Amino acid sequence: MSIPPRPVRTRASGTRIVGRALTCAVFALAGLLFYISAQTARGTDLRTDNSLLSLSDVIRQRSAQNQQSQAQLADLQDRSQRLTEQQGGSPADAARLTALEHAAALEPLQGPGLTVTLNDAPPNATSRVPGVREPDVNDLVIHQQDIQAVVNALWRGGAEGVQVMDQRLISTSAVRCVGNTLLLQGRVYSPPYVVKAVGRTDALRAAVDADPSVRTYLKYVQAYGLGWKTQESGDLALPGYSGTADLRSATGQ
(Lines give C-alpha, C1' and ligand atoms only; values in the text may rest on other atoms or scores of the structure.)
Protein backbone atom coordinates (compact mmCIF):
# COMPACT_ATOMS: atom_id res chain seq x y z
CA MET A 1 0.00 0.00 0.00
CA SER A 2 1.36 3.39 -1.00
CA ILE A 3 1.16 6.05 1.73
CA PRO A 4 0.88 9.55 0.20
CA PRO A 5 2.38 12.45 2.12
CA ARG A 6 0.24 14.49 4.52
CA PRO A 7 1.68 18.01 4.14
CA VAL A 8 2.21 19.70 7.48
CA ARG A 9 3.45 23.22 7.94
CA THR A 10 6.86 23.17 9.56
CA ARG A 11 9.10 25.92 10.73
CA ALA A 12 12.68 25.72 9.49
CA SER A 13 15.35 26.84 11.91
CA GLY A 14 19.11 26.80 11.99
CA THR A 15 22.21 28.96 12.10
CA ARG A 16 25.31 29.20 10.03
CA ILE A 17 28.81 29.60 11.37
CA VAL A 18 30.39 32.83 10.21
CA GLY A 19 34.01 33.18 9.18
CA ARG A 20 36.88 33.29 11.59
CA ALA A 21 37.35 36.99 10.85
CA LEU A 22 34.20 37.77 12.85
CA THR A 23 35.15 35.72 15.94
CA CYS A 24 36.78 38.58 17.79
CA ALA A 25 33.81 40.83 17.13
CA VAL A 26 31.38 38.19 18.44
CA PHE A 27 33.40 37.72 21.65
CA ALA A 28 33.58 41.48 22.19
CA LEU A 29 29.82 41.83 21.73
CA ALA A 30 29.19 38.92 24.11
CA GLY A 31 31.36 40.55 26.74
CA LEU A 32 29.45 43.79 26.39
CA LEU A 33 26.13 41.97 26.77
CA PHE A 34 27.34 40.18 29.92
CA TYR A 35 28.40 43.51 31.39
CA ILE A 36 25.05 45.17 30.63
CA SER A 37 23.16 42.13 31.98
CA ALA A 38 25.11 42.22 35.23
CA GLN A 39 24.53 45.93 35.65
CA THR A 40 20.81 45.54 34.96
CA ALA A 41 20.18 42.49 37.08
CA ARG A 42 22.15 43.61 40.13
CA GLY A 43 21.92 40.18 41.73
CA THR A 44 18.48 39.16 40.38
CA ASP A 45 17.89 36.16 38.13
CA LEU A 46 17.14 37.42 34.63
CA ARG A 47 16.47 33.88 33.31
CA THR A 48 13.57 33.07 35.62
CA ASP A 49 10.34 32.24 33.77
CA ASN A 50 8.04 32.03 36.77
CA SER A 51 6.03 35.01 35.50
CA LEU A 52 5.93 33.84 31.90
CA LEU A 53 3.32 31.59 30.35
CA SER A 54 3.98 29.20 27.51
CA LEU A 55 1.93 29.61 24.37
CA SER A 56 -0.30 26.67 25.28
CA ASP A 57 -0.96 28.15 28.74
CA VAL A 58 -1.90 31.50 27.20
CA ILE A 59 -4.26 29.81 24.76
CA ARG A 60 -5.96 27.80 27.49
CA GLN A 61 -6.30 30.90 29.66
CA ARG A 62 -7.89 32.83 26.80
CA SER A 63 -10.12 29.84 26.06
CA ALA A 64 -11.52 29.88 29.60
CA GLN A 65 -12.12 33.63 29.36
CA ASN A 66 -13.81 33.24 25.98
CA GLN A 67 -16.04 30.47 27.31
CA GLN A 68 -17.19 32.74 30.13
CA SER A 69 -17.77 35.61 27.69
CA GLN A 70 -19.78 33.35 25.40
CA ALA A 71 -22.03 32.34 28.31
CA GLN A 72 -22.62 36.00 29.12
CA LEU A 73 -23.32 36.74 25.45
CA ALA A 74 -25.83 33.89 25.25
CA ASP A 75 -27.65 35.31 28.28
CA LEU A 76 -27.78 38.76 26.69
CA GLN A 77 -29.05 37.29 23.43
CA ASP A 78 -31.83 35.50 25.31
CA ARG A 79 -32.82 38.76 27.00
CA SER A 80 -32.80 40.56 23.67
CA GLN A 81 -34.98 37.85 22.13
CA ARG A 82 -37.52 38.15 24.96
CA LEU A 83 -37.62 41.92 24.62
CA THR A 84 -38.13 41.60 20.86
CA GLU A 85 -41.03 39.21 21.40
CA GLN A 86 -42.57 41.59 23.93
CA GLN A 87 -42.40 44.43 21.41
CA GLY A 88 -44.58 42.41 19.11
CA GLY A 89 -44.56 42.27 15.33
CA SER A 90 -46.39 40.83 12.37
CA PRO A 91 -46.46 37.06 11.81
CA ALA A 92 -44.55 37.62 8.57
CA ASP A 93 -41.74 39.41 10.42
CA ALA A 94 -41.58 36.65 13.00
CA ALA A 95 -41.38 33.97 10.30
CA ARG A 96 -38.66 35.87 8.47
CA LEU A 97 -36.66 36.27 11.69
CA THR A 98 -36.97 32.55 12.41
CA ALA A 99 -35.79 31.66 8.91
CA LEU A 100 -32.79 33.98 9.20
CA GLU A 101 -31.82 32.54 12.59
CA HIS A 102 -32.06 29.02 11.18
CA ALA A 103 -29.89 29.90 8.17
CA ALA A 104 -27.33 31.61 10.41
CA ALA A 105 -27.10 28.53 12.67
CA LEU A 106 -28.37 30.52 15.67
CA GLU A 107 -31.22 28.09 16.34
CA PRO A 108 -30.88 24.47 17.55
CA LEU A 109 -31.18 21.82 14.85
CA GLN A 110 -32.44 18.28 15.16
CA GLY A 111 -32.81 15.40 12.72
CA PRO A 112 -31.02 12.42 11.20
CA GLY A 113 -27.28 12.82 10.89
CA LEU A 114 -23.76 11.45 10.93
CA THR A 115 -21.06 11.62 13.63
CA VAL A 116 -17.37 11.30 12.71
CA THR A 117 -14.67 10.84 15.37
CA LEU A 118 -10.93 11.28 14.71
CA ASN A 119 -8.20 10.44 17.20
CA ASP A 120 -4.42 10.30 17.49
CA ALA A 121 -2.65 6.97 17.13
CA PRO A 122 -0.90 5.45 20.16
CA PRO A 123 2.42 7.25 20.73
CA ASN A 124 4.39 4.01 20.31
CA ALA A 125 2.56 2.93 17.15
CA THR A 126 4.50 1.18 14.41
CA SER A 127 3.67 0.29 10.84
CA ARG A 128 0.95 -2.34 10.67
CA VAL A 129 1.23 -2.89 6.91
CA PRO A 130 4.17 -4.78 5.34
CA GLY A 131 6.33 -2.56 3.14
CA VAL A 132 5.12 0.72 4.68
CA ARG A 133 7.77 2.87 6.37
CA GLU A 134 7.81 3.35 10.11
CA PRO A 135 5.90 6.50 11.23
CA ASP A 136 7.32 9.74 12.54
CA VAL A 137 5.54 11.95 15.06
CA ASN A 138 3.53 13.81 12.38
CA ASP A 139 2.09 10.53 11.10
CA LEU A 140 0.52 9.71 14.47
CA VAL A 141 -1.48 12.86 15.24
CA ILE A 142 -4.57 14.57 13.86
CA HIS A 143 -3.80 17.62 11.75
CA GLN A 144 -5.87 20.66 10.86
CA GLN A 145 -6.40 19.45 7.30
CA ASP A 146 -7.85 16.14 8.55
CA ILE A 147 -10.63 17.84 10.54
CA GLN A 148 -11.22 20.39 7.80
CA ALA A 149 -11.53 17.62 5.20
CA VAL A 150 -14.32 15.97 7.18
CA VAL A 151 -16.14 19.27 7.72
CA ASN A 152 -15.91 20.22 4.03
CA ALA A 153 -17.12 16.78 2.95
CA LEU A 154 -20.16 17.01 5.23
CA TRP A 155 -21.08 20.42 3.81
CA ARG A 156 -20.74 19.03 0.27
CA GLY A 157 -22.98 16.14 1.32
CA GLY A 158 -25.80 18.57 2.02
CA ALA A 159 -25.46 19.01 5.77
CA GLU A 160 -28.04 21.38 7.23
CA GLY A 161 -25.73 22.11 10.17
CA VAL A 162 -22.31 21.01 11.41
CA GLN A 163 -20.93 20.89 14.94
CA VAL A 164 -17.26 20.37 15.93
CA MET A 165 -16.82 19.23 19.53
CA ASP A 166 -19.48 21.22 21.44
CA GLN A 167 -19.66 24.21 19.07
CA ARG A 168 -21.94 24.82 16.12
CA LEU A 169 -20.16 26.12 13.01
CA ILE A 170 -21.26 29.29 11.23
CA SER A 171 -20.11 30.94 8.01
CA THR A 172 -17.14 32.64 9.69
CA SER A 173 -15.95 29.62 11.69
CA ALA A 174 -12.34 28.53 11.13
CA VAL A 175 -10.82 25.21 12.17
CA ARG A 176 -7.23 25.75 13.31
CA CYS A 177 -4.68 23.62 15.13
CA VAL A 178 -2.02 24.93 17.52
CA GLY A 179 0.47 22.16 18.14
CA ASN A 180 -1.55 19.03 18.90
CA THR A 181 -4.66 20.93 20.04
CA LEU A 182 -7.65 22.33 18.17
CA LEU A 183 -8.41 26.04 18.43
CA LEU A 184 -12.02 26.76 17.49
CA GLN A 185 -13.83 30.04 18.02
CA GLY A 186 -11.59 31.06 20.90
CA ARG A 187 -11.64 27.73 22.75
CA VAL A 188 -9.10 24.89 22.91
CA TYR A 189 -9.81 21.16 22.51
CA SER A 190 -7.75 17.97 22.61
CA PRO A 191 -8.41 14.71 20.73
CA PRO A 192 -10.51 12.76 20.13
CA TYR A 193 -12.22 15.25 17.81
CA VAL A 194 -15.95 14.75 17.22
CA VAL A 195 -17.71 16.22 14.17
CA LYS A 196 -21.50 15.99 13.87
CA ALA A 197 -23.77 16.90 10.96
CA VAL A 198 -27.53 16.86 10.49
CA GLY A 199 -28.77 15.86 7.05
CA ARG A 200 -29.47 12.83 4.87
CA THR A 201 -27.19 10.18 6.34
CA ASP A 202 -26.65 8.34 3.06
CA ALA A 203 -25.58 11.53 1.28
CA LEU A 204 -23.35 12.61 4.18
CA ARG A 205 -21.58 9.23 4.34
CA ALA A 206 -21.14 9.09 0.57
CA ALA A 207 -19.57 12.56 0.54
CA VAL A 208 -17.16 11.65 3.36
CA ASP A 209 -16.18 8.35 1.73
CA ALA A 210 -15.54 10.07 -1.62
CA ASP A 211 -13.37 12.91 -0.32
CA PRO A 212 -9.72 12.52 -1.51
CA SER A 213 -8.24 13.97 1.69
CA VAL A 214 -10.36 11.64 3.83
CA ARG A 215 -9.19 8.69 1.73
CA THR A 216 -5.58 9.70 2.37
CA TYR A 217 -6.29 9.90 6.08
CA LEU A 218 -7.87 6.43 6.04
CA LYS A 219 -4.63 5.00 4.62
CA TYR A 220 -2.87 6.32 7.72
CA VAL A 221 -5.62 4.78 9.83
CA GLN A 222 -4.85 1.40 8.27
CA ALA A 223 -1.07 1.80 8.39
CA TYR A 224 -0.51 3.40 11.81
CA GLY A 225 -3.71 3.08 13.81
CA LEU A 226 -5.07 6.64 13.74
CA GLY A 227 -8.59 6.77 15.16
CA TRP A 228 -11.60 6.81 12.83
CA LYS A 229 -15.25 6.12 13.60
CA THR A 230 -18.50 6.99 11.83
CA GLN A 231 -21.95 6.56 13.34
CA GLU A 232 -25.35 7.24 11.82
CA SER A 233 -28.17 8.56 13.97
CA GLY A 234 -31.86 8.93 13.33
CA ASP A 235 -32.22 11.79 15.81
CA LEU A 236 -29.14 14.00 16.19
CA ALA A 237 -29.39 17.32 18.06
CA LEU A 238 -27.10 20.28 17.38
CA PRO A 239 -27.09 23.40 19.58
CA GLY A 240 -27.52 26.88 18.17
CA TYR A 241 -24.41 29.03 17.83
CA SER A 242 -24.08 31.25 20.89
CA GLY A 243 -20.96 33.31 20.15
CA THR A 244 -20.53 36.60 18.35
CA ALA A 245 -21.25 36.61 14.64
CA ASP A 246 -19.36 39.83 13.88
CA LEU A 247 -17.09 39.72 10.84
CA ARG A 248 -13.69 41.16 11.73
CA SER A 249 -12.20 41.37 8.23
CA ALA A 250 -12.79 40.15 4.70
CA THR A 251 -11.20 40.39 1.29
CA GLY A 252 -12.81 40.24 -2.11
CA GLN A 253 -11.51 39.09 -5.45
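**Strands, a helix and a ring pair**

Reader: How do you know that strand β2 (residues 161–164) is paired with β7?

Author: Four bridges join β2 to β7, and these strands run antiparallel; two strands pair if DSSP finds at least two bridges between them, so β2 and β7 qualify. One of the residues involved is Val164, whose bridge partner in β7 is Val195. This is a predicted model, where local features need pLDDT of at least 70 and side-chain atom pairs pLDDT 80 or more, while totals for chains, interfaces and linings use all residues. Residues are numbered from 1 along each chain as its sequence is written, and side-chain values use heavy atoms, without hydrogens and water.

Reader: What makes β3 (167–168) and β8 edge strands?

Author: Five strands form an open sheet in the order β3-β2-β7-β1-β8, with antiparallel pairing, and β3 and β8 each pair on one side only.

Reader: Why is Tyr217 called buried, and what is Trp228 called?

Author: Buried means under 20% relative accessible area, exposed over 50% and partly exposed in between (1.4 Å probe, protein chains only). Tyr217, at 2%, is therefore buried, whereas Trp228, at 24%, counts as partly exposed.

Reader: Why do Tyr217 and Trp228 form an aromatic pair, and what kind is it?

Author: Rings of Phe, Tyr and Trp (its six-membered ring) pair if their centres lie within 6.5 Å, and planes under 30 degrees apart count as stacked, over 60 as edge-to-face and the rest as tilted. Here the centres are 5.7 Å apart and the planes make 55 degrees, so the pair is tilted. Tyr217 lies in helix α6 and Trp228 in strand β8, so the pair ties together parts eleven residues apart in sequence.
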